Amino acid sequence: MVDPAVEDKIVAATENRFEELPVEQKRKLNMDEEETQSGSGRRHLFGRRKPLHAALGSGKTADILLWRQKQMSGAILVSATVIWLLFERIGYHLVPFLCHFLILALAILFLWSNLSSFVNKSPPNFPDIRLSQELCDCVALLLKDQINQGCLYLRQMTTGKDLKRLMSVIFTLWIVSVIGGWFEFLTLVYILFVLFLTAPLLYERNEDLVDMYGEKAGEEIKAALQKLPLPFFKNTKQN
C-alpha cells in the first residue's frame, strides 16, 4: 500500500507539472478528458470506443481535422480552394503551374541569397536533406506489405472464396462511378478533401445525433439485407 504522504507528494507534483504546461496543451488535455468521460459506456459510429480526438491519432493531424488549430486548418482549406479555382475555373494546367511556381521560387531564393548582404539580412538557411538507408528500407517494406495484401485481397475475391466482399466492392465501385459521372475529377477530389477536412468537426459538434441516426440506419440496412434472396447475406446479422 502506498504511503499517504508519498501519494500526496505525487499528486502535488502532477498538479504543479500540469499548471506549468502551455495554455493550449492544458485545454487539449481537458477536452480529451471530457470526451473520455462523456463517451464511456456509449456506442459510437463505426464501433468507435475512443474519443474522436484520440481515434484520429491525438496529434497535429487530429488538431487540424477538428479545427483546434484554426489558422492551420483555414490555411489548408483556402489553399485547396485556390488550387481548385486555378485549375477548374480559370483553366490553368498542372505542368505550367508547377513550372511557373518553381521558376518563381528559384528566382526569389537566388535574389535573396545574393542581395542579403546589401540589405543587412542573413541569407536563407537551406536544410541538408538526405534520406537515410533505414528510412528507404522501411518505406520499401511498407509498400511491399501493402501491395501483397492488396494482391491477396483481389485473389480472394476473384476466386469466389469471399462472395460477400466481392459484391460489396462491386457496389462501392458502382456508386463511385455514378458520383464520378456528375463531376470532373479535380472537382470530385476537391469535394472529398473539403468533406475530409470539415466532416470530423461537424461530427464532433453533433456526435450524439449522428450516432443515433447512424445506428438506426445500420439496423435498417441489416434488415434489408436479410430480405434479399442471397445466402451470403443471411448471415450478416450473425456476423
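Are Arg-68 and Glu-204 buried or exposed? Keep in mind that this is a predicted model, then select the two: both Arg-68 and Glu-204 are buried. Now look at how they pair up. Arg-68 makes a salt bridge with Glu-204, and the closest N and O atoms sit 3.1 Å apart. As a rule, side chains of opposite charge can pair when their charged atoms come close. Searching the whole structure turns up one salt bridge, and this pair joins distant parts of the chain: Arg-68 belongs to the loop between helix H4 (60-65) and H5, while Glu-204 is in helix H9, 136 residues apart.

Trp-67 is in the loop between H4 and H5. Check its backbone: phi is positive, about 60 degrees, although Trp-67 is not a glycine. Trp-67 has a relative accessible area of 19%, so it counts as buried, the cut-off being under 20%.

Next, show H5 (residues 70-89) and H9 (residues 185-205) together. Their axes come within 10 Å and cross at roughly 170 degrees, which means that H5 runs roughly antiparallel to H9. From H5, pick Ser-73, Ile-76, Leu-77, Ala-80, Thr-81, Trp-84, Phe-87 and Glu-88; their partners in H9 are Leu-186, Thr-187, Tyr-190, Phe-193, Val-194 and Leu-197. Color this H5–H9 contact by class and you get ten nonpolar, three polar and one charged residues.

An unreviewed UniProt entry places the feature "transmembrane region" at residues 93-112 and 185-203. Select each span in turn:

- Residues 93-112: the end C-alpha atoms lie 28 Å apart, and the span is 95% helix and 0% strand.
- Residues 185-203: the end C-alpha atoms lie 26 Å apart, with 100% helix and 0% strand.

Last stop: Asn-125. Where does Asn-125 sit? Look in the loop between helix H6 (94-115) and helix H7 (133-158). Asn-125 has a relative accessible area of 72%, so it is exposed; the cut-off for that is over 50%. Finish with a distance label from Asn-125 to Ser-113: these two are twelve residues apart along the chain, and their C-alpha atoms are separated by 9.3 Å.

How values were computed:
Residues are numbered from 1 along each chain as its sequence is written. This is a predicted model: local features need pLDDT of at least 70, side-chain atom pairs count only at pLDDT 80 or more; totals for chains, interfaces and linings use all residues. Side-chain values use heavy atoms; hydrogens and water are left out. Helices (H or I, at least four residues) and strands (E, at least two) are DSSP runs, numbered from the N terminus. Buried means under 20% relative accessible area, exposed over 50%, partly exposed in between (1.4 Å probe, protein chains only). Axes are lines fitted to C-alpha atoms, for helices over the stretch in contact, and angles run from 0 to 180 degrees between N-to-C directions. Angles under 35 degrees count as roughly parallel, over 145 as roughly antiparallel, 65 to 115 as roughly perpendicular and the rest as oblique. Contact means heavy atoms within 4.5 Å. Ala, Val, Leu, Ile, Met, Phe, Trp, Tyr, Cys and Pro count as nonpolar, Asp, Glu, Lys and Arg as charged, and the others, Gly among them, as polar. UniProt positions are given in the numbering used here, feature names are shortened, and annotations may be inferred rather than shown by experiment. A salt bridge is a side-chain nitrogen of Lys or Arg within 4 Å of a carboxyl oxygen of Asp or Glu.
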